[in-house]
Amino acid sequence: MGGFKAHPEVMKLRFDSRRSPVEAIPVDLRKKLYPIYLEHAEGAVRRDRRRWFEFDPLSDPAIESPFPFELGTEPPSINPSTDGRRGGYLWSELSWPEVEARLKEMDVAILPVGSIEQHGPHLPLDTDAFDADYLAKRIAEACSDPKPLVLPLVSYGVSYEHSEFKGTIGINNDTLSLLVYEIGMCCARNGVNKLVIVNGHGGNVPALNYAAQMITRDAKIFVCVDTGETSDVDIYRIAETQNDIHAGEIETSTSLAVRPHLVKMDKAAKRLPRFSSRYLDFTSKRKVSWYVHTKKISQSGVIGDPTKASADKGKRMWQVMIAHLVALVEDLKSMTLDEIYQRRY
């Protein structure tokens, strides 16, 4: 028919070196899945610029390439502040001409947000702040060049629920949302088109979601917030404890994995709250969102079971979190704003 062009590739298994490479899934799965896919497809093609070329994924060298941060493998060791091609990726360590140059080739920035609050008698007050900052930097390390820019950490968060414990220093929702909004608007004016907010504290969620909405409304850039949504389903398979949401098995494990010298396991004790309704369980798939002063349900500040924590579990948890967010950032790097809103082939 006149005016229409045939697209035989739609019936084939399609690969793209940036968006859907052969090694995009773990090795053990790809060797089993690709033959099954090929049984139902009319061959396989790989994209080069705007054209598709036939190839055999099962004989391609990439079939043996490791999946980034596949469980059981060690993450690559990379200098935390350098980009393999040009300069650094930590915003605060760059000069203004360096930032200007980086923004010409990279429009993704990561903003870590945490809190300074009690984490039981066995974990440091900066657990959420450290974790958000550490995760943001590890994401950037693991990304391909050019790497996303990592903004300075916002250390303080909405922590009123822990205010009865000494050491907690919190700000209110309005303060945090306005601060993040102003940061986001400045990023947009600098040339950032995609802002990924990595949040280390659940109490920040309402303020950060509101800030993300307002930045999107006023700057018309892409903004997302991750408070574990990309990896929680995997993390809870590694952890054994239900309702483990604060200073418990998960946070103690991740701390043991990266800074064990600050973990006082001799002071760790479990506190597992039980509620009258299953809809109040914090880790239930059918839970409602609700808020409570921590001391009403835990005198120690712990909600979970830190005695089940281990450095090995923590390493596996970090690998999962990093892998999923690296995949998200790589997707964002390869897309324009229009392609984010509407998939392009």
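Analyst: For the charge count used below, Lys and Arg are taken as positive and Asp and Glu as negative, while His and the chain ends are left out. On that basis this predicted model carries 45 positive and 47 negative side chains, and the centres of the two sets lie 2 Å apart.

Along the principal axes, the C-alpha atoms fill a box of roughly 70 × 45 × 40 Å. Of the 345 residues, 46% count as buried, and among contacts with a separation of 6 or more, 76% are made by residues 24 or more positions apart.

Turning to the backbone itself, most residues other than glycine have a negative phi, and most peptide bonds are trans. Against that background, the bond that joins aspartate 145 and proline 146 is a cis peptide bond, with omega at about -5°. Proline 146 lies in the loop between α3 (127-142) and β5 (149-150).

A positive phi occurs at arginine 49, where the value is near 60° and the setting is the hairpin of β2 and β3, with 2 residues between the strands. Strand β2 (residues 44-48) pairs with strand β3 (residues 51-54) in the antiparallel sense over 4 bridges, and within this pairing arginine 46 has phenylalanine 53 of β3 as its bridge partner.

Lysine 220 and alanine 247 also belong in this account. Lysine 220, although not a glycine, has a positive phi of about 60°, and this residue is found in the loop between α5 (205-219) and β7 (222-226). Alanine 247 likewise has a positive phi of about 60° without being a glycine, and its place is the loop between α6 (232-238) and α7 (249-258).

Are these two residues buried or exposed? Lysine 220 has a relative accessibility of 61%, and because the cut-off for exposed is over 50%, lysine 220 counts as exposed. Alanine 247 has a relative accessible area of 0%, and because buried means under 20%, alanine 247 is buried.

Terms used
Residues are numbered from 1 along each chain as its sequence is written. This is a predicted model: local features need pLDDT of at least 70, side-chain atom pairs count only at pLDDT 80 or more; totals for chains, interfaces and linings use all residues. Side-chain values use heavy atoms; hydrogens and water are left out. Buried means under 20% relative accessible area, exposed over 50%, partly exposed in between (1.4 Å probe, protein chains only). Contact means heavy atoms within 4.5 Å. The place of a charge is taken as NZ of Lys, CZ of Arg, CG of Asp or CD of Glu. Two strands pair if DSSP finds at least two bridges between them.
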